[in-house]
Amino acid sequence: MWPNASAPRFGTFVARSIEALANHTDWEPVVINPIGLPPLALGRYREAKEAAVDGVENGVVVHRPTFRLLPKVGGRLNPRLIAKAVMPLGKRLHEEQPFDLVDAQFFYPDGPAAARIAAELSLPLSIKARGADIHYWGGRSYGAHALKTAAQQAAGLLSVSEALADDMAALGMDRAKIAIHRTGLDRDRFRPLGHTQLRNRLGNELGIEIGENDQLIATVGALIERKGQALVIKALTDLPDARLLLVGKGEVEASLRALARSEGVADRVHFLGSVDHDLLPIILSAADVMALPSASEGLANAWIEALACGTPLVITDAGGAREVVNTPAAGVIVARRTDAVREGIRLVMQNRRPPLEVAACVDVYSWVANGKALGAHYDRLVEG
């Protein structure tokens with residue numbers, strides 16, 4: 001979970017957190033970002049192979065060893081293969097300048113791999129859970145076993161929300177070990193952008209004709225079934241003045257495009273793909289609502305970024321939703337059904353709050369606070 005040249009937006013929130021740790025605490029992070037490559041590295045894997053380059057990025061040392069990846073069938077093997085590839089590097093770096101702690105910023109396969117390395121180096125272990133790593137892998141017998149074994153070894157665990165921490169405990173992890181570590185927020189970038197020509201600027205940027213009275217719905221997330229974009233597309237059939245801006249890429253894009261055509265709303269559904277991080281705040285600020293009816297979440301960064309831009313949410317009761325939408329200004333939580341999503345969108349649009357009031361809902365989020373909290377967590381673990 002770290003950006004590289006072939007996937008520059010992958011794990012950016014992890015990178016921001018570790019950079020904040022380096023900038024605002026006494027901890028000196030060294031990142032090992034293993035890149036998986038199949039026996040024959042073709043297509044996107046060729047780009048990944050070329051991205052396996054070490055360097056210093058935004059003040060953080062990053063190493064990128066490669067490990068053998070078996071696409072689609074290697075999930076059970078990945079922790080062992082990652083640990084095998086990383087162990088020699090970890091030992092060498094530890095000999096050169098001893099580490100105090102081993103940390104995994106995603107629970108699977110990173111956590112079990114980090115557990116092997118921590119045991120070999122006789123160091124305390126920390127593992128952070130983010131959502132899909134618990135819900136997806138915890139639903140597989142081998143994944144649940146690996147998660148629980150790594151958690152038992154860890155000196156401390158982190159979760160992005162109270163709800164996810166409860167899910168971890170339900171898998172058999174010690175709830176007393178789990179601290180809540182909320183996401184950060186780039187406040188210089190994500191803030192209400194309220195100038196009068198914002199929609200014109202956005203329309204010109206995207207090549208979309210946005211009418212003065214159009215209702216704009218943004219949906220930000222990977223195009224995967226779990227995120228529920230299909231429900232928002234279906235909701236458009238009874239929202240004739242609404243346009244949907246879909247931000248993200250993923251495996252269900254073709255089926256979502258087909259759905260938009262079959263529902264007769266293709267002209268009002270705009271697939272934007274992965275957008276530049278400077279464009280995302282414009283999209284969110286221009287939108288009337290950000291709808292994301294996920295089946296499961298930890299605590300979605302997109303929720304926090306939308307609210308920071310003054311845009312209320314229509315989301316399902318997934319993960320830490322109730323910890324974010326805890327005031328009417330933040331939006332509504334709805335059932336995971338088309339009619340509920342549609343009525344939630346209508347309700348939020350009929351009861352719009354001033355953008356600054358909406359943005360105030362996430363005043364406690366910042367990368368500085370995130371980095372300092374992570375450093376304090378590490379301090380507790382090494383001090384015993």
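Ground rules before that. This is a predicted model: local features need pLDDT of at least 70, side-chain atom pairs count only at pLDDT 80 or more, and totals for chains, interfaces and linings use all residues. Residues are numbered from 1 along each chain as its sequence is written, and side-chain values use heavy atoms, leaving out hydrogens and water.

Sheet one. Four strands form an open sheet, ordered S6-S7-S8-S9, with parallel pairing. Strands here are DSSP runs of E, at least two residues; helices are runs of H or I, at least four residues; both are numbered from the N terminus. Two strands pair if DSSP finds at least two bridges between them. The edges are S6 (102-104) and S9 (178-180), and each pairs on one side only. The twist averages 20° from one strand to the next. Angles run from 0 to 180 degrees between N-to-C directions, with axes fitted to C-alpha atoms, for helices over the stretch in contact.

Now the pairs. S6 and S7 pair in the parallel sense over three bridges. Aspartate 103 has serine 126 in S7 as its bridge partner. S8 (residues 156-159) and S9 are also joined by three bridges, in the parallel sense. There, leucine 158 stands opposite alanine 179 in S9.

How buried is S7? Five of its five residues are buried, so S7 is largely enclosed by the rest of the structure. Buried means under 20% relative accessible area, exposed means over 50%, and partly exposed is in between, with a 1.4 Å probe and protein chains only. In a regular strand the side chains alternate between the two faces of the sheet. In S7, Leu125, Ile127 and Ala129 point one way, and Ser126 and Lys128 the other. Helix H4 (residues 110-121) lies across S6 and S7, at about 170° to S6. Contact means heavy atoms within 4.5 Å.

Sheet two. This open sheet has three strands in the order S1-S4-S3, with mixed pairing. S1 and S3 (55-57) are the edges, each pairing on one side only. Neighbouring strands are turned by 35° against each other on average, direction ignored. S1 and S4 (residues 60-63) pair in the parallel sense over three bridges. Valine 30 stands opposite valine 61 in S4. Helix H3 (residues 78-96) lies across S1 and S4, at about 165° to S1.

Stay with valine 30. It lies in strand S1 and is partly exposed, at 35% relative accessible area. Val30, Val56 and Val61 make a nonpolar surface patch of about 220 Å².

Last topic: charges. The structure holds 20 salt bridges. A salt bridge is a side-chain nitrogen of Lys or Arg within 4 Å of a carboxyl oxygen of Asp or Glu. Aspartate 288 bridges to arginine 352, with the closest N and O atoms 3.5 Å apart. Both residues sit in loops, so the pair ties together parts 64 residues apart in sequence. Aspartate 288 is buried, at 18%, while arginine 352 is partly exposed, at 31%.

Which residue does aspartate 317 meet in a salt bridge? Arginine 322, with the closest N and O atoms 2.9 Å apart. Arginine 322 is exposed, at 57%. Aspartate 317 is partly exposed, at 44%.

Terms used
Patches are made of residues with over 30% relative accessible area and no salt bridge: like charges are joined within 9 Å, nonpolar side chains (Val, Leu, Ile, Met, Phe, Trp, Tyr) within 5 Å. Accessible areas come from the Shrake-Rupley method with a 1.4 Å probe; for residues, only the protein chains shown count as cover.
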